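Dear colleague,

I am passing on to you the structure shown below.

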Amino acid sequence: MAYIELKNVNKYFDNNGEEFQVLKNIDFDINKGEFICFVGASGCGKSTLLRSIAGLEVKYEGTITVDGKEIKKPEKQRGMVFQEPRLFPWMNVSQNIGYVLDTKDKEEKKRKVSEFINMVGLRGFETALPKELSGGMAQRAGIARALANEPEVLLMDEPFGALDALTKIQLQQTVRRIHNESHQTTIMVTHDIEEAVYLADKIVIFTNRPGSIRKIINVNLPEDRDRNSLEFVNVRKKVFDAITISA
Amino acid sequence: MKHLTKKTGYFVEYVALVIMILAVWMMLEKQGTLNPVILPAPDKVFETFVSLLAKQTLIQHMSVSLARVLKGYILASVAGIILGIVIGLFEHARRFTDLLIQIIKPIPPIAWIPLVILWFGIGETGKVFLIFLGGFFTILINVYDGIRQADVKLLEVSKVAETPFFTHVFKVIIPGAAPNIFTGLRVGLSSCWMCVVAAELVSSNTGLGFMIMNARQFGQTDTVIVGMITIGVIGKVMDSIIRAVEKKVIYW
Ligand SMILES: Nc1ncnc2c1ncn2[C@@H]1O[C@H](COP(=O)(O)OP(=O)(O)O)[C@@H](O)[C@H]1O
Ligand SMILES: [Mg+2]
């Protein structure tokens, strides 16, 4: 039995009384410790599928199980990084990260908060309010918040979508490094092919809406990836072709 | 320096209209076209103000009205905030109370006066109750609107983290509704002032409302105007205090 199993998931949304299908026959497995990327055109249902795995969407046909248990609601074992940082404006960086920690032990909490602040490179900004942060810094804080609970499954919805190229590359490296150390099961939505190849063990390519799985590509690259290596470029081409040729 | 002149400019703009009205008022009186019963001269109003201050009458009426407003307003604020939070949080509570609130809300507090006199007599309790009514619904509705308009995106953060209910309410829901809560507190305060004056016009022998009504019967238009301006100024000062508190509380 795989760690996360998606069995024949079909999802419909209601648009002014008219039902339309967003996800069609989604059926695949994710192993523990894998890094998965969802790639597909916007509107094809990637966020909806990710939210279903998070437990934020619960009305769909089929089943999604984690460790054999069906997902009924959000649980802190599954952390989520949203497309926007979603920081609480009235809490500073430390408080935002500390908010999701449920340990009662103040010292332990402090230690964890500062550990994850360092991890995403926000040291020195502990007491900054979200309005004082740049977009990239805010997104780092959002990532630190999801990581701080050390969830078994990390879900990220286009976390770097709104960032400039340089910040994006830095954060990709950070996420890569953290995953190399923690081996958390991670699912990330992206529409950046290079990002997917840099991070993923498996890339799930979706068709246009209603989103179904067009192809799953195994990346098979070492954990330390060189974006300019021949192997990397080959995989990138493979993904690119899978997206464009059969479209 | 440039910054200073800009600030001065803003201040001039801020007070210009009031000063212009005062100037026109004075000009009219210089021309001798004013009937002092209909509109006494500004300096006459000022004289009356000083003499009312000297005799302590103004301070007495003012403190009586202020005490009434504060009592009713504090009750309205506490009840409005607590019930507003509960109604905002629980869909059942909202459906259960909505019809009643929607029906009572449009009834102006002045329309309550006959009933309030029947129920509470013409004593203090009735007046405080009227002021309470005046502020309560405004505050209640602003608070629960603020809570219901909470940013769903932020609420999902709590959901994903499985935050305990009370932590969620105090750390996310209430701060999120804080701007609306303050709007309610500010609008509610003016409603309370309107009610105290209405109540004192009808049944009282103290307070600014009484002072105004009493002066009218004796044709002392100057005292009427002093009373009106006093209410306006106190209202403005209290509003500024709430705004200052709001600025401190909502630092983000
Ligand atoms: N809560 C919702 N109600 C109705 N339609 C929705 C809702 N959420 C998403 N949709 C629609 O479902 C489709 C898929 O959305 P989404 O999962 O966000 O796509 P993606 O993340 O792949 O861009 C879109 O057409 C979107 O408009
Ligand atoms: Mg999306």
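**A threonine in chain B**

B:Thr48 has its place in helix H2 (residues 42–54) of chain B, where a helix is a DSSP run of H or I with at least four residues, a strand is a run of E with at least two, and both are numbered from the N terminus. This is a predicted model, in which local features need pLDDT of at least 70 and side-chain atom pairs count only at pLDDT 80 or more, while totals for chains, interfaces and linings use all residues. Residues are numbered from 1 along each chain as its sequence is written, chains are lettered from A and ligands numbered from 1 in the order in which they are written, and side-chain values use heavy atoms, with hydrogens and water left out.

B:Thr48 is buried, with a relative accessible area of 8% (buried means under 20%, exposed over 50%, partly exposed in between, with a 1.4 Å probe and protein chains only). Leaving aside neighbours within four places in sequence, B:Thr48 is in contact (heavy atoms within 4.5 Å) with B:Asp222, B:Thr223 and B:Val226.

**Between the chains**

In the contact between the two chains, 23 residues of chain A meet 18 residues of chain B. Five salt bridges are counted between chain A and chain B, a salt bridge being a side-chain nitrogen of Lys or Arg within 4 Å of a carboxyl oxygen of Asp or Glu. The side chains of A:Lys73 and B:Glu162 form a salt bridge at 3.1 Å, N to O. Strand E6 (residues 78–81) of chain A gives three residues, the largest share of the side of chain A that touches chain B.

With best wishes
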